[in-house]
Amino acid sequence: MAETSLACLVVVSGRVTPPCYPFVAPPALGAPCAGAAIPRSDPARRSDRNGGFRPNDGADPNDGARPLRRGDGEPSRLERVNSDPVVPRLRATTRALEEAPDLVALADPDEPLLWLRGDRGCVGIGEALRLTFSGPNRFGDAAARWREIAAEAEIDDPVDLPGTGLVALGAFAFAADSSVESVLIVPRLLVARHRGSAWITEVRVLGDDSERDPSPSIPQPQQSPMRAWPGTAFEPDTASVDAYLKGVRAAGERIGRGDVEKVVLARQVRGELPRGADLRTPLRRLADRYLDCWTFAVDGLIGASPETLIRSTGGAVSARVLAGTRARHAEDSARDARARDELLTSAKEQHEHAFAVQSVVTALSPHVRELRTSEDPFPLRLPNVWHLATDLGAALDERSSAIELVGALHPTAAVAGTPTSAAVELISELEPFDRGRYSGAVGWIDAAGDGEWVIALRCAQLGAPDPATGARAITASAGGGIVDGSDPAHELGETVSKLRPITEAFAG
Ligand SMILES: C=C(O[C@@H]1C=C(C(=O)O)C=C[C@H]1O)C(=O)O
């Protein structure tokens with residue numbers, strides 16, 4: 001499936017880049033990569049019309065380099081409340097890099113912070129600031145807090161692209177009443193690439209470490225040696241499979257009664273990761289195998305999602321809606337083609353897909369103009385499944401930030417159902433667990449409000465290390481849309497296919 005015209009981040013070359021990134025004068029951006037992101041200075045960008053986000057301050061560049069390792073420097077500033085009158089002041093300094101780095105190799109093996117697809121993406125090293133949110137207004141609170149922080153920040157960014165300057169990576173919980181926190185993390189050091197361009201950003205909390213360490217140089221990222229991968233098996237849990245099948249049958253009855261038209265039900269599988277497992281191994285596997293997906297790692301949430309909730313850069317927005325699934329049969333091309341054709345011609349799948357597209361169009365319309373979609377749903381081929389897919393594009397009408405758009409879109413019918421509120425209620429009634437961040441949103445935002453967010457699918461959440469053994473619990477989730485006529489056994493099979501990216505990435 002061809003990539004849409006959406007520009008953006010990420011990927012893995014498989015090559016180990018030497019851990020030294022000499023800083024150079026900003027390259028002539030735009031020239032080396034046709035179709036690249038629009039520089040902020042381009043009149044097409046609308047960030048200068050945004051009331052809350054602040055332009056770069058043009059502070060002096062510097063060329064120095066000193067090593068930074070995990071645990072170096074000050075601990076991350078942590079904010080736990082949804083709103084706080086004191087706005088932390090950050091200074092972000094971005095410099096171009098001569099060579100495009102191997103982002104996975106630079107990731108922290110224990111707490112990776114990564115966003116990656118092909119030759120576009122970023123890796124965070126250390127934390128300057130961590131903001132946590134919860135409750136029904138978690139998106140609105142996060143958007144407002146980020147707007148304040150961005151407005152107060154000192155940003156020295158001669159590279160001037162979406163994703164340069166001040167950037168936070170984030171992961172949001174699916175449910176308003178989730179006990180799992182939503183989080184925005186500003187890395188202390190961010191190394192990023194966008195096709196032929198690469199850059200590094202250092203962030204300091206003003207009035208904190210910056211005063212104790214006035215050095216103007218940017219630390220040099222250090223790549224730690226790879227550790228052996230122990231592998232994890234996800235235990236088949238009969239009770240949870242039975243509960244899932246029971247839920248699907250109950251959903252079918254409720255659809256028959258007219259309570260909802262579609263509801264998305266999920267199930268979970270669990271495993272345990274031994275002490276010291278190097279998380280760059282599953283991340284490398286996901287990024288190398290799932291080339292049409294965004295590979296991510298944010299606060300222990302690791303996965304590769306094919307579904308772009310929103311990409312917003314320079315006033316242009318785009319999204320990819322998926323709903324309708326068949327397992328791939330990569331070993332038998334005739335069977336594989338039949339599965340694809342069956343998906344394309346199934347009235348049930350087309351109906352289910354239409355709900356998902358409609359929910360995105362309805363949520364996005366108040367924020368955009370010139371909204372257009374790809375004509376008919378097209379088959380998206382992933383290594384594990386076929387999906388019915390529709391791409392959307394539009395111009396942003398007012399300067400809503402990427403997180404505000406995520407808040408407007410979440411939850412789409414692809415992960416909740418139709419109508420939304422009845423489907424969300426039914427999910428909390430029929431699913432015997434808190435989804436946490438699964439089917440929530442994961443992505444990044446910069447100081448101009450640009451960003452990319454995907455639905456957190458094909459992912460697993462890692463717990464904190466056990467104090468005695470160092471082992472970490474890992475929970476993977478997958479689900480699917482239930483509509484009139486859905487077959488529980490088929491739906492179960494679909495969750496097995498959707499879990500494959502994670503079960504295979506974490507296998508020994
Ligand atoms: C809910 C998931 O996937 C969503 C549901 C789909 C479906 O029902 O066909 C397809 C893609 C996603 O929008 C998941 O992967 O867990």
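The structure is a predicted model, in which local features need pLDDT of at least 70 and side-chain atom pairs count only at pLDDT 80 or more, whereas totals for chains, interfaces and linings use all residues. Residues are numbered from 1 along each chain as its sequence is written.

Helices (H or I, at least four residues) and strands (E, at least two) are DSSP runs numbered from the N terminus; axes are lines fitted to C-alpha atoms, for helices over the stretch in contact, and angles run from 0 to 180 degrees between N-to-C directions. The axes of α2 (residues 138-152) and α8 (residues 402-409) come within 8 Å and cross at roughly 170°, and the two helices are therefore roughly antiparallel to each other. Contact, defined by C-beta atoms, placed from the backbone, that lie within 7 Å, involves Phe-139, Gly-140, Ala-142, Ala-143 and Trp-146 of α2 and Ile-403, Glu-404, Val-406 and Gly-407 of α8.

For α4 (residues 238-256) and α10 (residues 488-505), the axes approach within 9 Å with a crossing angle of roughly 130°, and this pair is therefore oblique. On the α4 side the contact comprises Val-241, Tyr-244, Leu-245, Val-248 and Arg-249, which meet Pro-488, Glu-491 and Leu-492 of α10. These contact residues divide into six nonpolar, no polar and two charged, where Ala, Val, Leu, Ile, Met, Phe, Trp, Tyr, Cys and Pro count as nonpolar, Asp, Glu, Lys and Arg as charged, and the others, Gly among them, as polar.

The ligand is surrounded by 18 residues, of which the closest are Leu-322, Thr-325, Ala-414, Gly-480 and Gly-481; a residue is taken as near if its C-beta atom, placed from the backbone, lies within 6 Å. Strands β11 (262-273), β15 (316-327) and β23 (472-482) each supply at least two residues of this shell, which divides into eight nonpolar, seven polar and three charged residues.

Turning to backbone geometry, most residues other than glycine have a negative phi, and most peptide bonds are trans. The peptide bond from His-410 to Pro-411 is cis, with omega near -10°, and Pro-411 is found in the loop between α8 and β19 (417-418). A cis peptide bond also joins Thr-418 and Pro-419, with omega about -10°, and Pro-419 is placed in the loop between β19 and α9 (420-430). Asp-160, in the loop between β6 (154-156) and β7 (167-172), has a positive phi near 60°.

Notes: Parallel < 35°, antiparallel > 145°, perpendicular 65-115°, else oblique. Contact = placed C-beta atoms within 7 Å.
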